[in-house]
Amino acid sequence: RLWDVQRLFYKVLDGKVVPLLALYERDWSLVRHYMNFPADGLLEGRPRFEYNYDNICIEAIQHQDYEGLQLLAQRRYDFQTVRRDPRLFQFAREALVYGRLEHLFMLRSVLFDFSEVLAECVAREELSEHLLVARTVTIDFLGQRLHYCCSALDFASSDYVERSLASHCTNRDSLFKVPFIMAAFIRAGASPSCLLTPDGCGYLLLLAIASESFNFVYLLVKEAIHMEAVFCLYHMQFLGMILQALKHQRYLILDLLHFCGYRLGYEQEVTGKLDAPVLRCLVNEDFAPIERLCRLGFSIRNFAERNEADFHAFVQSRLEASSTPSSTSRRTGVHPAIQRLANVDRCALELHFRSPMFLFFVEALLAKKSFVALRQIVEVHPYAFDAYFREHYSPLEALLVDAFMLRDTSLIVDLASLYFPMGQFFARKQAEVDSVLLNTWLPNKSWTDLGMLKSEVRQWSFPDFFVRNQGRSDGFVVSIIENGYWFDLHNLAQLSFDFPSFFGRRFDVVSAAVVNFITIPHPHFVLLRELSALSFPWGRFMQAHRKKIPPSKDHDFLQFVISLHGFELGSKVYDVVEQTCQLYHSMAASMFNVQAAEAALDALRERRAPGEAVGGGSQADPHSRGQPTGTRTPRDPQPPAWEATASSCDAAWDDAAEPRSYCTATASSAASLDRQ
């Protein structure tokens with residue numbers, strides 16, 4: 001029920017609330033997201049939210065939101081459908097009455113004819129006087145001054161700006177003046193949204209891109225609405241500009257086209273003209289123009305299909321150069337050209353990976369066991385060998401079965417690293433693989449190989465393996481516990497063996513073994529501690545076998561072993577282990593220090609009883625080995641660290657022989673170490 005409520009809640013939000021809220025807040029990225037939904041709905045079968053394009057157009061005009069109008073223009077919306085809307089007539093009337101030039105330019109940009117409203121305002125004498133005042137625009141060039149004078153109403157309602165710019169575009173010598181004149185008109189109140197229209201000055205975009213001026217291009221396109229129509233009208237000119245940019249290496253032109261939103265068409269006429277320069281750049285390993293062309297919509301995959309022989313020869317030559325590096329080359333990894341090509345369009349390489357020459361190349365590398373070179377190719381495309389694996393699946397499957405039989409873990413891991421379909425292999429050969437692991441790998445305790453299989457072959461699941469073979473795996477674990485192999489239990493835990501469930505299933509057998517390890521003269525505390533770490537049910541065990549445990553069997557230490565919460569971890573037992581480790585480290589360091597070794601020998605002689613040799617037996621009290629006798633020489637002012645630690649440890653072990661508890665002896669050992 002909760003899931004149904006969540007789905008209903010999501011359906012209401014995603015189906016109506018969020019689309020309307022995005023439109024209300026004019027978040028056009030979200031609106032575009034919902035507009036791009038398929039008309040027949042998503043996987044749930046819910047139809048997409050249908051926007052009213054007319055209302056979007058009116059709202060965008062009233063709020064002067066050019067981004068919303070650009071979204072409609074990209075979806076081929078006809079702005080003439082709202083030319084009789086009363087809200088637009090009211091918007092135009094207010095613009096004429098209050099003299100708002102920006103509103104009049106907005107209406108012109110959507111091709112709205114407000115001549116009827118203008119005549120009505122003139123007849124009623126409601127036209128703003130601000131629109132009737134003459135305006136003068138003056139531009140100074142070196143040795144020349146240009147004057148433009150007209151009323152504000154003509155400036156906004158007629159094509160005065162377009163005609164003034166066109167007069168300079170017809171003369172090549174005065175083309176450099178066009179950006180400055182356009183900037184002056186925009187400063188005077190003109191909107192560039194009226195310039196880039198199919199019937200306006202769309203050719204200005206060609207001039208701006210050819211001049212390679214980002215500022216010029218930005219002024220034109222920031223409020224342009226009919227960009228798609230301009231691109232369609234001048235598509236041949238833009239194609240010629242791209243070819244000239246590739247020829248003369250003027251790649252900024254390609255960047256400016258991408259900034260404007262220009263996309264290459266898929267016509268044969270377009271692609272055929274670009275194939276030759278793209279192939280030349282590819283052979284020269286010049287990927288800068290290729291990357292820019294792909295951002296404009298050029299498809300390397302389609303290019304590879306049209307130029308199959310040249311493309312395959314290029315890719316194969318670079319792959320072979322990567323697999324056989326020369327002595328003078330220090331390159332590691334796949335060839336940089338292949339890496340750049342994969343970054344541009346990885347799908348294009350899939351065509352080559354299915355070619356006969358690549359399949360023969362892979363077979364040769366496998367025969368030489370050149371897995372390093374093969375893994376370099378996989379790093380570029382993870383499924384580069386899919387075609388080869390499909391064609392040679394049967395012999396590779398037999399090879400993998402032999403690898404499991406011979407415990408050739410490196411071969412198994414190498415094939416898995418090449419994205420061999422291991423999931424399909426394990427599904428087909430599950431019984432054989434399980435039999436090999438149960439009869440060979442586990443009985444021989446090949447923990448390293450088993451760990452590699454778990455960590456490197458992600459398709460293999462040890463928990464599922466143990467569940468499938470529960471009887472035999474449980475028997476194997478029981479034999480490990482009965483024999484006291486505590487480290488094997490740790491290795492099994494690394495293979496994700498479910499010990500809590502195992503202890504619940506085989507509690508009686510495991511409990512009998514645990515009782516045996518507790519009641520023997522020297523209890524196996526290490527194994528008991530390992531069982532505690534594996535969540536052995538000590539509470540259940542104590543209820544069942546409390547009477548079988550003698551009270552004299554080191555009760556405190558046993559309580560520490562079977563309890564993870566009653567004592568601080570390492571507070572008793574691991575002090576001695578830590579001291580012993582420090583002793584061994586100090587002794588190892590002194591072995592490479594002659595002066596320290598001589599000082600240690602001198603200190604040892606001084607601590608011996610009078611008349612006792614260094615290597616002879618001791619005649620003093622064995623419990624007084626840590627007490628120094630005699631005086632020290634100046635070159636040995638204090639005992640070395642390893643000697644002090646050894647004395648502390650010896651004192652701890654000697655004290656442990658007294659009728660005191662083991663834990664008390666260990667605590668005194670820790671206190672002695674702290675004093676040292």
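Two residues are taken to be in contact when they have heavy atoms within 4.5 Å of each other. By this criterion, and not counting residues up to four places away in sequence, Cys 294 touches Ile 300 and Val 344. The structure is a predicted model, in which local features need pLDDT of at least 70 and side-chain atom pairs count only at pLDDT 80 or more, whereas totals for chains, interfaces and linings use all residues. Residues are numbered from 1 along each chain as its sequence is written, and side-chain values use heavy atoms, with hydrogens and water left out.

The chain as a whole is described before its parts. Its secondary structure comes to 41 helices and 2 strands; helices (H or I, at least four residues) and strands (E, at least two) are DSSP runs, numbered from the N terminus. Buried residues make up 44% of the 676 residues in the chain, where buried means under 20% relative accessible area, exposed over 50%, and partly exposed in between, with a 1.4 Å probe and protein chains only. Of the contacts with a separation of 6 or more, 67% are between residues 24 or more positions apart.

The largest nonpolar core is considered next. A nonpolar core is a set of buried Ala, Val, Leu, Ile, Met, Phe, Trp, Tyr and Cys residues joined through side-chain atoms within 4.5 Å. The largest such core has 196 residues, of which Leu 205, Ile 209, Ile 242, Phe 425, Leu 492 and Phe 541 touch the most other members. Helix α34 (residues 507-519) gives the most to this core, with 7 residues. At least three residues of the core come from each of domain 1 (386-460) and domain 2 (473-565); these domain bounds come from an automatic or database domain assignment. With its neighbours within four places in sequence left aside, Leu 205 is in contact with Leu 196, Leu 220, Val 221, Met 227, Val 230, Phe 231, Phe 238 and Cys 260.

Met 227 is also among the residues closest to the centre of the largest pocket. On a 1 Å grid over the protein atoms alone, a pocket is an open set of points where a 1.4 Å probe fits, with protein on both sides within 12 Å along at least five of seven lines; lining residues have an atom within 4 Å of a point. Grid points are joined across faces, edges and corners, and a volume is the space filled by probe spheres set on the points. About 580 Å³ of space lies in the largest pocket. It is lined by 30 residues, and Thr 197, Pro 198, Ile 225, His 226 and Met 227 are the closest to its centre. Two or more lining residues are given by each of α4 (66-74), α6, α13 (227-233) and α15 (252-260), and the largest share, 4 residues, comes from α13.

Two helices illustrate how buried residues are placed around an axis. In α7, the buried residues are Val 117, Leu 118 and Cys 121. Seen down the axis, they fall within an arc of 100°, so they line one face of the helix; the arc is that of the directions from the helix axis to the C-beta atoms. These residues pack against α5 (86-98) and α8 (152-157). In helix α17 (residues 288-295), Pro 289, Ile 290, Leu 293 and Cys 294 are buried. They cover an arc of only 140° around the axis, which puts them on the same side of α17. An α-helix has 3.6 residues a turn, so residues three or four places apart point the same way.

Cys 294 of helix α17 is buried, with a relative accessible area of 19%. Just after α17, Gly 297 takes a positive phi of about 110°. Gly 297 lies in the loop between α17 and α18 (300-306) and is buried, with a relative accessible area of 12%. The C-alpha atoms of Gly 297 and His 258 are separated by 9.5 Å.

Most residues other than glycine have a negative phi. Leu 111, in the loop between α6 (101-109) and α7 (115-123), has a positive phi near 60° and is partly exposed, with a relative accessible area of 46%. Just after α7, Glu 125 takes a positive phi of about 60°. Ser 496, in the loop between α32 (486-494) and α33 (499-505), has a positive phi near 65° and counts as partly exposed at 35% relative accessibility.
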